[in-house]
Amino acid sequence: MNLPIKFLPPLVWLVRVLVGAYPRWIGSVPSANQRIYFANHSSHMDTLVLWAALPHSLRANTRPVAARDYWGVGGIRQQIAQEELNVVMIDRARENPDADPLEPLQEALGLGFSLIIFPEGTRQPQPLPGPFKSGLYRLAQAFPQVELIPVYLENLHRSMPKGALLPVPIISTVTFGAALKVGEDEERDAFLERARQAVVALADLDLVMA
Amino acid sequence: MTVQETSFAVLAGLVVLFAAATALGTWLAGRTRDAIKLAWIGQLNTRIRTAWVIVLLFAAAFLLGDTAVLIFFAIASFFALREFIALTPIRSSDHAAVVLAFYVVIPVQYLLIAAEWRAMYAVFIPVYVFLVLPVVMALRQDTTNYLVRIAKVQWGLMICVYCVSHAPAIVTLDLPGQEGRGPLLLLYFLLVVQMADLLAVIASAAFGRTPLKSNPNKSREGVLAGGGAAVVLGTALAWMTPFQWWQATLMSFAIVVAGFMGGLVLASVERSLGARIWTDDGVLLTRGTLQRVDALTFAAPVFFHLALYFFMP
């Protein structure tokens, strides 16, 4: 199937009209500085939602990192991944066990792109993130000048009671937090837990503000 | 001139005017590389696009009737409320209240306006919804931040549904001797609201000194000059309305002042929620429905009420 996506309305409009993807910047502001946005992951829509929440001027230079086994299978999905999102494909299956799965990410960072990553590695059933994989730590060490921005993705629909008679409209909100840095001699696990807590803190923020 | 002839002449005039503005805006945007200037031109072009929406809306009212205008604003209410609910914290026990707001309050309010049942739509949200919402929320037995949660949904409904719906209600006013001229009155209102904003941006670029905290692309001097120019424009357009020229001056003054207050209040709400976004080089990003209807939300009910109170016998 080869849909002419050029003739559809711009993808970013579509995402914004259908699910909102409303951004909130708390602790950082949009910037052309090179960044790694890392977020919780519980839906197939997450990549599109985070990307659509970024302002126009940053989208062209920001590439989502996504699994080849989901986004690289051809059809409209692959077309969106390549032509619209400019996805950095990552091998979850690790067909070649000697290859470093982070290599494409390092290459993109080396070229000056910002990245969107989901450090849990796979979708989680709960809204709050599970343990992070070590990739974030290794990238942060290899590229110390890149800002690490925690992002919390919330979907109102999912936080509502299951099996309710009338579903509320799908509304997703994207909260960007303050940049993190790896400490001088911070251990890998300590940093990953601190990064996870930074995302959790953005989820709790609503209760603090309420 | 008949209503049709007047409407057609106005429509043609606006198309020519805004086509010129669009051409100018595009030409300016292509000429500069300077980030601050580009941001300013971006602000200008956003407002010119909004002006086109007004023209299309008026054309739709002219060709398809008042229902088209009502449907347009009902959709605007939906998107504004969705944005408001997205940005304010909601708990799962608020489910019933949110469902009520989206699927009952919006359709009922606009159906009441379509039925021109003025005495009912004036009080439906501020009285009946105001009384029913806390009951619906109390039934869930979740009293954490009870008052704050009710207040947020009620406030969102007042701004996004009650206030916005008073813009299309202007079409149904039918003041004496003005039957069928409702769309012209709505157009008059929208033009004054939009021009106050557009002229403020232009005037701020020309001689702005003190930038506003809520929008660095506007200045205190620019807002005063732009507002003044919009009042002059409102006076000059008095022939579109049932007002004498001095009445049109006062009416457009009310629109401009209320619109400015609406912009100020919604900017403060957005800032408190982290949803009013500046990039690190000081450029304000325009995003979402709330930001586009901010002046209208305050100006519409004020204009509607003043017109009803002073011009309906």
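## Contacts between the chains

Two residues are taken to be in contact if their C-beta atoms, placed from the backbone, lie within 7 Å. By that rule, 24 residues of chain A are in contact with 24 residues of chain B. On the side of chain A that touches chain B, β1 and α8 (188–209) of chain A each supply at least two residues, and β1(A) gives the most, with four residues. Helices (H or I, at least four residues) and strands (E, at least two) are DSSP runs, numbered from the N terminus.

The residues on this side of chain A divide into 18 nonpolar, four polar and two charged, where Ala, Val, Leu, Ile, Met, Phe, Trp, Tyr, Cys and Pro count as nonpolar, Asp, Glu, Lys and Arg as charged, and the others, Gly among them, as polar.

## Basis of the model

This is a predicted model, in which local features need pLDDT of at least 70 and side-chain atom pairs count only at pLDDT 80 or more, while totals for chains, interfaces and linings use all residues. Residues are numbered from 1 along each chain as its sequence is written, and chains are lettered from A and ligands numbered from 1 in the order in which they are written.

## The sheet of chain A

In chain A, seven strands form an open sheet of mixed pairing, in the order β1-β7-β6-β2-β5-β3-β4; two strands pair if DSSP finds at least two bridges between them. Because β1 (22–25) and β4 (88–90) of chain A stand at the edges with a single partner strand each, one side of each is left without a neighbour in the sheet.

Strand β3 (residues 62–67) of chain A pairs with strand β5 (residues 114–117) of chain A in the parallel sense over three bridges, and T62(A) has S114(A) as its bridge partner in β5(A).
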